[in-house]
Amino acid sequence: MAAVNSDEIMTVLRDEIEHYDQKMEPKETGTVLTVGDGIASVYGIDHAMYGEMVEFENGTTGMVQNLEMKSIGVVLLGSDHGLMEGSKVTRTKKMASVPVSNEMIGRVVDALGNPIDGKGAIKEEKRYPIEHEAPGVINRQQVNVPLQTGILSIDAMFPIGRGQRELIIGDRQTGKTSLAVDTILNQKDQDVICIYVGIGQKASTIAKLVNTLEKHGAMDYSVVVSATASDLAPVQYIAPYSGTAIAEYFMDQGKDVLIVYDDLSKHAVAYRAMSLLLQRPPGREAYPGDVFYLHSRLLERSSRMDEAHGGGSITALPIIETQAGDLSAYIPTNVISITDGQIFLESELFFSGMRPAVNVGLSVSRVGGAAQTKAIKKAVGTLKIDLAQYREMEVFTQFSSDLDASTKELLNYGDCLMEMLKQPLHKPLNLHREVISLCAATRKAFLSVPLKELKKFQEDYLAYVERTYPELVKKIDEEKILDDDMIETIVAAADEWKKMSN
């Protein structure tokens, strides 16, 4: 048995006593136990907070996500190249945040707020936390100011108000992103700042979208936040929160903001990947148990503030991709229950040539009716009910060959309405064009026009009204009202144009 060296023991004890006070202080540096797949397990940082940023010795930043008894789980927000067991990690004592400033408008940034469009640095004014408590009920005001999308079927039947959260849902390739982009294009001269958050999209898709926005002059009031499919799961996970932090910066200035999350299905998948790597227990479809809270805490931040808190608003258009039109799947039902309505885009309608392919029966806006302009409300009439009857009758008549006159008339009217609601890509309509089109169609002024010629007739008729009745157009745009005399003028103008075009 080896002899015990008393001098050595005395030295250790003396050293322990001399450094006793230092040991009582929280440790600010730690070491990496394991690293891989964008996740690091760190030992020795005792007082780290959930959501705090830490810095690794290779310069990469990470975000604390797991707090365990003897270690913390950190997700990397950059490359793990050069990191290994024993690498040093330092606390920053700062929560995850993004730089914000007015210079962000017109720029493309990553999930951490860094510019990626090659146009130089963005001057930082403030830093906003990516995770922030949603405004309280008392600080909000009613959603009663419309946000015009310029898409006839939506503004007519499922209107969106500033501060609302309206879900866009449908299978892949049914026009979900196009619908959101058209809404952004329609905010020109509306004093609305638009933020597009791309989550898990191809870099080429984001580039194409930025090109579309630039071509139509929409980048002058837009910010694009990009976390592409090649980015790490944690980067895709924080992207929508970063986009919302940027939106909150503008909302705090009293501005109205529109934010598009494209899409939250990929966001949930990224969160699932991250959670499984952090060894959190999986639940239904391997999603972690807090996947509902993932989206509820994000979407609750969209609201319309009262005047005492600046009067700004964030309107959210989250996008969810369904599989084979299944609205009852896990993530779709979660987000449907959080939002204030949904616009369901149907594959069958899309492939039959109905663009946008909005399903009237399954789409709804739970608060937008209060924000709908009086002019559109009066012009719409019973459009939604008429279309629902038409869809029902259309199914019924597949089994019947001989139809009575009233059924034929209903079907012809329905066909006319469906054709009128078709809209080309990137061509949002302004208010007076929507009101005039709806008013003429619901008063059956387009019934005698052959279906194949209806879209051209509608376009020429609108141009005729703008030329011949400029005071009518001005009254709709400025006062946003529609009275009986104006309706008579609109219907009479349709008859005049029919005679002139024949």
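Is Ile-9 buried, partly exposed or exposed, and what is its relative accessible area?

Guide: Ile-9 is partly exposed, at a relative accessible area of 42%; buried means under 20% relative accessible area, exposed over 50%, and partly exposed in between, with a 1.4 Å probe and protein chains only. The model is predicted: local features need pLDDT of at least 70, side-chain atom pairs count only at pLDDT 80 or more, and totals for chains, interfaces and linings use all residues. Residues are numbered from 1 along each chain as its sequence is written, and side-chain values use heavy atoms, with hydrogens and water left out.

Ile-9 belongs to helix α1 (residues 6-18); helices (H or I, at least four residues) and strands (E, at least two) are DSSP runs, numbered from the N terminus. Together with Met-10, Leu-13 and Ile-17, Ile-9 makes a nonpolar surface patch of about 410 Å². Such a patch is made of residues with over 30% relative accessible area and no salt bridge, nonpolar side chains (Val, Leu, Ile, Met, Phe, Trp, Tyr) being joined within 5 Å and like charges within 9 Å. A salt bridge is a side-chain nitrogen of Lys or Arg within 4 Å of a carboxyl oxygen of Asp or Glu, and accessible areas come from the Shrake-Rupley method with a 1.4 Å probe, only the protein chains shown counting as cover for residues.

Two buried residues are Tyr-128 and Tyr-249, which form an edge-to-face aromatic pair, 5.8 Å centre to centre with 85° between the planes. Rings of Phe, Tyr and Trp (its six-membered ring) pair if their centres lie within 6.5 Å; planes under 30 degrees apart count as stacked, over 60 as edge-to-face and the rest as tilted. Because Tyr-128 lies in strand β9 (residues 126-129) and Tyr-249 in helix α6 (residues 233-251), the pair ties together parts that are 121 residues apart in sequence.

Cysteines complete the account. The whole structure holds 0 disulfides, a disulfide being a pair of cysteine sulfur atoms within 2.5 Å. Cys-439 is in no disulfide, and its nearest cysteine sulfur, that of Cys-416, is 13 Å away. Cys-439 counts as buried because its relative accessibility is 0%.
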